[in-house]
Amino acid sequence: MSSRKWSPIDRTLGIYETKLTNGLKVICLERHHLPIVTVMTAYRIGGAHLFQGKTGLAHFLEHMMFKGTKQFPKGKIDHLTQKWGGVNNAFTTLDYTCYFFTFASDHWEKALEIEADRMSNCLWSELEFENEKRVILEELSSSMDSPYEVLEQKLDAVTFARHPYRNPILGWREDLENLTLKDLQMFYKELYTPNNAVITLVGNFSKENSLNKIHRYFSTTPLIKSSLVSPQPVEPQGKIHLTLKQDVEVARFQILFHTCPTREEDDRVLDIIDILLTYGRSSRLYRRLVQSEKLLQNVYSMNDTRKQSGIFLILGDVCPGVQSDIVEKTLEEELKKLQSKKVGKNELLKAKNIVLTGFVFQQETTYDMAEQITEMEMLGGQKDFSEDLGLIQSISEDDIQRVAKKYFDFSLATVGWSVPKSKGVESSQPKQEKMKTLRGIQVPLSNKKFLRLKPSSHAQGIGDVQQHTLDNGLTILLLENSLFPTVSMEASVRCSFSYEDPIKSGSAYLMGRLLSEGTKKRSAHKIACQVEYLGAAFNTSASRVSIRSLSRDFNAMCELTAEIIREPKFSQEDLEEEKRKTLFALLGQKDSASYLARNEFYRLVYGKHPFARPVVGNETSIPLVQQSDIHKLHSLYYAPNNLVVSIAGDISMKQAIDSLGKYFGSWSKKQVLFPSLPKLSLAKSPKKRYIPLDKQQLNIYWGHLGIRRNCPDYYALMILDHILGVGSGFTDRLSKTIRDDLGLVYNIWGTITANAGIEPGTFTVFLATDPEHYHKAMNTLEKEIEKICLGEISEEELADAQACITGNFFLARETNSALAEYLINAYRFNLGFDYLERFGEIIKNVSLEEVIAAANKYLHPEKATTVIAGPVDRIAGSVDRVAGPVDKINCPITKQKKK
């Protein structure tokens, strides 16, 4: 292949590739509808590739690639990303490691310069290596506090007993503790080479002009041949069954079947089977195990094909009292049905439509397309997307049956259970409902002819916001975006859990759940079938119905939305079922230290305000909710004059008015009254609460009452957030000092604007750390806030935060779903529909003095509430050095774990 020419991969979509003489492959896809470019660099090395028998090196190296070179010293990459309003990050899979930048199109070339330099010029000190080792060990501890991840790690180890896929991507703790800087440097020098890398460009650039840039930065990087041997495929050895007894409240399972490497013929068939089994409420396993026989609270599956081998995974949370062998027997029966009886044509068509429309939605962002192209190249060689979509269309009923027979053999499966230590998984005879079938469901034609693989020639891009109010007061907001044949709609009602009876907390949450449980005209099953057959998606809450579909189905989605909002069924039977599910979900949340700490934090900060209560209610309140409570909430707040419908996509205002007027126009307006809520004020003194749990890490929530969205200093505080705790990469103070410099945490953030709304939000800092790091981490946190309040912020720091906020604001609005959400917020908070145009100037005009003044006015560390969940008994020294109430408690929704 010539090193100066592009060769077509997919002419329909416009994907091209080239290869330099040193072996570097470059793939590009031009997209000029938005001034954004994603640059993704991937190396054919991942968690499954062992170097001298040491695990975790690929992931460790991913972390160290941000530690700097001579040209871009430590922190410079994140600093430049922030300065240019972009985003960067990285991830490691079993088969490859990937780094990405998304920039405005006038800065994308800098990503090439950075990647070319760190491909061979990284510089690491022993101190940086040891600090990052601590961070990765914290990341490993965090993953081991998840019951699912512990089970997954055990199952992979036995499923791939003689294959490197057995090893965790993060590595085994003993290996990580013994890794040396020399190990890392040898791994880097041998494997981070141009002939082992692929660069993918997607967005607003010229492929012809980009060739010169690529040659400028990469052509002199030498080719190095690697001695690394690729892992060999593994064959199943027989059935494996294991049970872990853990400190958990809910039993969980995972079942693994060996399958094929990615991109083989069966891979796409397995994707379709995945959808048939667990995608949506009309899927087979959901209908039987969750809905009909009530064996599981939820069920998921995944076709996880990899380069050398693959697995098909089924997992779920088991309802209380259900015996494990009943779950396994039922799953085996369902898989045997796929093997013995051909899937129906309508059911197969539904699955194909979901895949095909999913691809259309994927085209909305440069990152999604870059990731898809990179994954295909890394795992099996790039293919023509349109050809791939054609293969999906050609999958037959016979293919489904053949592949199910080939792989779903329970005698060769790996079956794992995580069960509570205190009790076994008992026998039960749950109430069963008649399993609904797919008979009689009307389905659309195939989506093949409706797919637009690239923006249409007549596409004009994003237009101006339009507003129209129907005679009954319903407000329509439209942002016409004709780039892709998709539409997203948000039907938003001002209705909150704050308005429910506090004795029956969770009423609003249950109402939101019941909105999807059927209308007076259609059952929940029929709704799910019709939506899923269109490849669309919808979800409901107490205050919103969200819809995403192809624009050709907009009228049908409007009809459905109107039915859900105006004529919900709210049956007693459905209510009791949702109450059962909610109580079970609450039981499962007891296994999450973060969830318990957050709930207790809000309880202490909000006191007698409704926000002190969990949105979903609790074990005491949920049983008290009656059908009349649900009807009352709906009757009080659901009215056309309290409804705003925002639409973003390939729809005109005339279409919107015609459809919404047809289905909502006859709905009569009425007076809607909103109750006054208790006034809120800062706590007068600090508080501390300790929730003892048998975990590896402390999960800490720290902060106090925050601000409303209409706070006059909101934008100064938004900048403060980015300087303190939510900046790009490791540019914010907390990430840079506590994580990057000291290596005390893996996860840390802090913000005062994120949950500001009509009512005040919170100033919240979250971190997860080992008990021995607790005091140092908390002391550093308070020192950083003190520095900011003393005015230790530079003009450069301010400018970089402003650039980051402005750039990210627009990057986050690539999709129609994000644009529809933006319209709702602009309306609810009276921001004005020119907010998109004004936002950059608003942020730019905030001064350094305003940021410092806002920090002093709104941050009160001396009054902070601290909630710590985890192994609190292991915190070194005194744990109550802060004045104020200090309690070691059993959280109201949990119990103390025994060691």
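1. Asn830 sits in the loop between helix H27 (816-828) and helix H28 (835-844); helices (H or I, at least four residues) and strands (E, at least two) are DSSP runs, numbered from the N terminus. Its phi is near 55°, a positive value in a residue other than glycine. Most residues other than glycine have a negative phi.

2. This is a predicted model, in which local features need pLDDT of at least 70 and side-chain atom pairs count only at pLDDT 80 or more, while totals for chains, interfaces and linings use all residues. Residues are numbered from 1 along each chain as its sequence is written, and side-chain values use heavy atoms, with hydrogens and water left out.

3. Arg263 also has a positive phi, about 70°, although it is not a glycine. Arg263 belongs to the loop between strand E9 (252-258) and H9. Is Arg263 buried or exposed? At 15% relative accessibility, Arg263 counts as buried.

4. The structure holds 59 salt bridges. The term stands for a side-chain nitrogen of Lys or Arg within 4 Å of a carboxyl oxygen of Asp or Glu. One of them joins Asp183 to Lys54, with the closest N and O atoms 2.6 Å apart. Asp183 lies in helix H7 (residues 181-191) and Lys54 in the loop between strand E4 (36-43) and helix H1 (57-64), so this pair ties together parts that are 129 residues apart in sequence. Asp183 counts as buried at 6% relative accessibility, whereas Lys54 counts as partly exposed at 25%.

5. Lys74 and Glu128 form a salt bridge through their side chains (2.9 Å, N to O). Lys74 is in the loop between H1 and helix H2 (76-83) and Glu128 is in helix H4 (residues 126-144), so the pair ties together parts that are 54 residues apart in sequence. Lys74 is partly exposed, with a relative accessible area of 30%, and Glu128 is buried, with 15%. Both residues belong to a network of salt bridges that links Lys67, Lys74, Glu128, Glu132, Lys736, Arg739, Asp740 and Asp741.

6. Another salt bridge is formed by Lys581 and Glu578, whose closest N and O atoms are 3.8 Å apart. Being three residues apart in helix H19 (residues 572-589), Lys581 and Glu578 are separated by about one helical turn. An α-helix has 3.6 residues a turn, so residues three or four places apart point the same way. Both Lys581 and Glu578 are buried.

7. How do helix H9 (residues 265-278) and helix H15 (residues 397-407) pack, and at what angle? The angle is about 95°, with their axes 10 Å apart; axes are lines fitted to C-alpha atoms, for helices over the stretch in contact, and angles run from 0 to 180 degrees between N-to-C directions. H9 and H15 are therefore roughly perpendicular to each other (under 35 degrees counts as roughly parallel, over 145 as roughly antiparallel, 65 to 115 as roughly perpendicular and the rest as oblique). In contact (heavy atoms within 4.5 Å), Glu265, Asp266, Val269, Leu270, Ile272, Ile273 and Leu276 of H9 meet Asp399, Ile400, Arg402, Val403, Ala404, Lys406 and Tyr407 of H15. By class, this contact of H9 with H15 has nine nonpolar, no polar and five charged residues. Ala, Val, Leu, Ile, Met, Phe, Trp, Tyr, Cys and Pro count as nonpolar, Asp, Glu, Lys and Arg as charged, and the others, Gly among them, as polar.

8. Helix H23 (residues 714-724) and helix H26 (residues 795-811) pack at about 105°, their axes 9 Å apart. H23 and H26 are therefore roughly perpendicular. Met718, Ile719, His722 and Ile723 of H23 make the contact with Glu797, Leu798, Ala801, Gln802, Cys804 and Ile805 of H26. The classes in the contact of H23 with H26 are seven nonpolar, two polar and one charged.

9. For helix H25 (residues 774-789), the 16 residues should span 22 Å at 1.5 Å a residue, and the end C-alpha atoms are 23 Å apart, which agrees; the expected span is 1.5 Å times one less than the number of residues. Buried residues of H25 include Tyr774, His775, Leu781 and Cys789. H25 is followed by Gly791, whose phi is positive, near 90°.

Methods
Buried means under 20% relative accessible area, exposed over 50%, partly exposed in between (1.4 Å probe, protein chains only).
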